[in-house]
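Biologist: I'd like to learn how to read a fold like this one, feature by feature. Could you walk me through it?

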Amino acid sequence: MLDRRSLIGAGAMLGPYTVVGSCSIVEEGASLKRATVWDNVFIGRGAQLRGAVVGSSAAVLAGANLYEGAVIGDCTRVLERA
């Protein structure tokens, strides 16, 4: 499920069971599978989310990886390559 006000970059992959909330940005090369991304979230270039939940107004910067069971709170930043 994808909100029409979100922006998805070229080459970004949204796999099955992925939900992206409103006004979110998924940059090019990012890969989301079974992920739940709330509203106003930034997902950086090349980030990978697998079974993770990202709260509202959070940022997952370039190259970061979040795996099964990870829950990132509202307004949190996950730094590059974390």
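Predicted model: local features only at pLDDT ≥ 70, side-chain atom pairs only at ≥ 80, totals over all residues.

Biologist: How many helices and strands does that come to?

Modeller: The secondary structure has 0 helices and 13 strands.

Biologist: And how do I read a sheet? Which order do the strands take, and is the pairing parallel or antiparallel?

Modeller: Two strands pair if at least two bridges are found between them. Here, 4 strands make an open sheet in the order S3-S6-S9-S12, and the pairing is parallel. The edges are strand S3, residues 19-20, and strand S12, residues 71-72; each has a single partner strand, so one side of each lacks a neighbour in the sheet.

Biologist: What links S3 to S6?

Modeller: S3 and strand S6 (residues 36-37) run parallel and are joined by 2 bridges. In that pairing, Val-20 stands opposite Val-37 in S6.

Biologist: Now the cysteines. How many disulfides are there?

Modeller: A disulfide needs two cysteine sulfur atoms within 2.5 Å. By that rule the count is 0 disulfides. Cys-23 is in none, and the nearest cysteine sulfur, in Cys-75, is 15 Å away.

Biologist: Let's zoom out. How do I check the radius of gyration against a compact globule?

Modeller: You compare the value with what the chain length would give. For 82 residues, a compact globule would have a radius of gyration near 12 Å, and the protein chain's 11 Å agrees with that. Along the principal axes, the C-alpha atoms fill a box of roughly 30 × 25 × 20 Å.

Biologist: What share of the residues is buried, and what does the surface come to?

Modeller: Of the 82 residues, 39% are buried. The accessible surface is about 4500 Å², and carbon and sulfur atoms hold 55% of that.

Biologist: Last one: what share of the contacts joins residues 24 or more positions apart?

Modeller: Among contacts with a separation of 6 or more, residues 24 or more positions apart account for 1%.

Conventions
Residues numbered from 1 in each chain as written. Heavy atoms only, no water. Rg over C-alpha atoms; globule rule 2.2 N^0.38 Å. Buried < 20%, exposed > 50% of the residue type's maximum accessible area, 1.4 Å probe, protein only. Contact = heavy atoms within 4.5 Å. Areas by Shrake-Rupley, 256 points an atom, 1.4 Å probe, with all protein chains shown as cover.
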